[in-house]
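Please open the structure in your viewer and keep the selection tool at hand.

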Amino acid sequence: MPAQQPGPPPTGGGSTRRTWLIVVAVIAILVVGGAVLAFALSDGDKENAASGPTGATSVTGPTSPTGTMDPSTEPTGSTGATGQDTGNAGCAGATAPETLADGTYFGFLESLDVDTGVSTFDLACFYTGEEANQQAAARGDEVPVPNDVYIVNDNPATRDVPVDPSAELLLIDWNACCETGPGATLDGLASALGHKNFVEIDGWKYAGSLSPYWVTIANGQIVGIEEQFLP
């Protein structure tokens, strides 16, 4: 019997394989695309969370200026009784200048000559709260400090500071302790500073050199003096 010729290949086989390959490719594209989209959405969420509103910053209130001022070592403080910001350079540990810049400073008025218009001012540092306790502890003094106040005056150096004849005075009339107010005179304060005790002049009772003071300097001269009450 003569050999039979092989029949033609089955139809449609190649087309089916191509169809499956296309289907697989489409599925792969969809899977990769979905993964990329999910990553993009996730990354976007992270960025949105990072750029959300930040918390508020607390603000501290002003405190009285500190300042053991000499020209050498004295801690600085913040705000004097007049409310102006003070640098009290020596109180920050740096050397205080011989001439005090405009600002408000804490210290002791040793004398005031009304005729020459010059005062002798001993710069010091006034601490309250935790800072007062830290300063006292560093010097081996009682902690917590009595009445929440600690004054440092490590350097006895004084400065001659001109006084404006019309300087504003806010002093305590110790006949009616203990708020500061107007009514005292520059002549009365100058006289009281020469006493080592309370003195009454023209109906106003001065503490004189017994009290420390905040002095405000403008244009190189004292334009304001406010007494610091000490409990």
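A nonpolar core is a set of buried Ala, Val, Leu, Ile, Met, Phe, Trp, Tyr and Cys residues joined through side-chain atoms within 4.5 Å. Buried means under 20% relative accessible area, exposed over 50%, and partly exposed in between, with a 1.4 Å probe and protein chains only. The model is predicted, so local features need pLDDT of at least 70 and side-chain atom pairs count only at pLDDT 80 or more, while totals for chains, interfaces and linings use all residues. Residues are numbered from 1 along each chain as its sequence is written, and side-chain values use heavy atoms, with hydrogens and water left out.

**The whole chain**

Show the protein chain as a cartoon: it has 3 helices and 10 strands. Helices (H or I, at least four residues) and strands (E, at least two) are DSSP runs, numbered from the N terminus. Along the sequence they follow the pattern α-β-β-β-α-β-β-β-α-β-β-β-β. Of the 231 residues, 35% count as buried.

**The largest core**

Select Leu 112, Phe 121, Leu 171, Leu 189, Tyr 206 and Ile 225, the residues with the most contacts inside the largest nonpolar core, which has 26 residues. Elements that give two or more residues to this core include strand E1 (103–113), strand E2 (118–123), strand E5 (159–172) and helix H3 (186–192). E5 gives the most, with 5 residues. Apart from this core lies another, of 8 residues, among them Cys 125, Tyr 127, Val 145 and Val 152.

Next, centre on Phe 121. Leaving aside neighbours within four places in sequence, its contacts (heavy atoms within 4.5 Å) include Leu 100, Tyr 105, Phe 108, Val 161 and Val 215.

**Leu 100**

Move to Leu 100, in the loop between helix H1 (13–50) and E1. Leu 100 is buried, with a relative accessible area of 8%. Gly 220 is 120 residues away from Leu 100 in sequence, yet the two are 7.5 Å apart in space, C-alpha to C-alpha.

**Asp 122**

Select Asp 122, in strand E2. What does its side chain make a polar contact with? The partner is the side chain of Asn 153, at 2.9 Å. A polar contact is a pair of N or O atoms within 3.5 Å; within protein, one must be able to donate a hydrogen and the other to accept it, and residues adjacent in sequence count only if both atoms are side-chain atoms. Asp 122 is buried yet has no salt bridge, and the nearest side chain of opposite charge, Arg 159, is 6.4 Å away. Lys and Arg count as positive and Asp and Glu as negative; His and the chain ends are not counted.

**The salt bridge**

A salt bridge is a side-chain nitrogen of Lys or Arg within 4 Å of a carboxyl oxygen of Asp or Glu. The whole structure has 1 salt bridge. Select Asp 154 and Arg 139, whose closest N and O atoms are 2.9 Å apart. Asp 154 is in the loop between E4 and E5, and Arg 139 in the loop between H2 and E4, 15 residues apart.

**Helix H2**

Finally, select helix H2 (residues 129–138), where Ala 132, Asn 133, Gln 135 and Ala 136 are buried. Seen down the axis, these buried residues fall within an arc of 165° (taken from the directions from the helix axis to the C-beta atoms), so they line one face. The face turned away from the buried side carries the exposed residues Glu 130 and Ala 138. What covers the buried residues includes strand E3 (125–128) and strand E4 (149–152).
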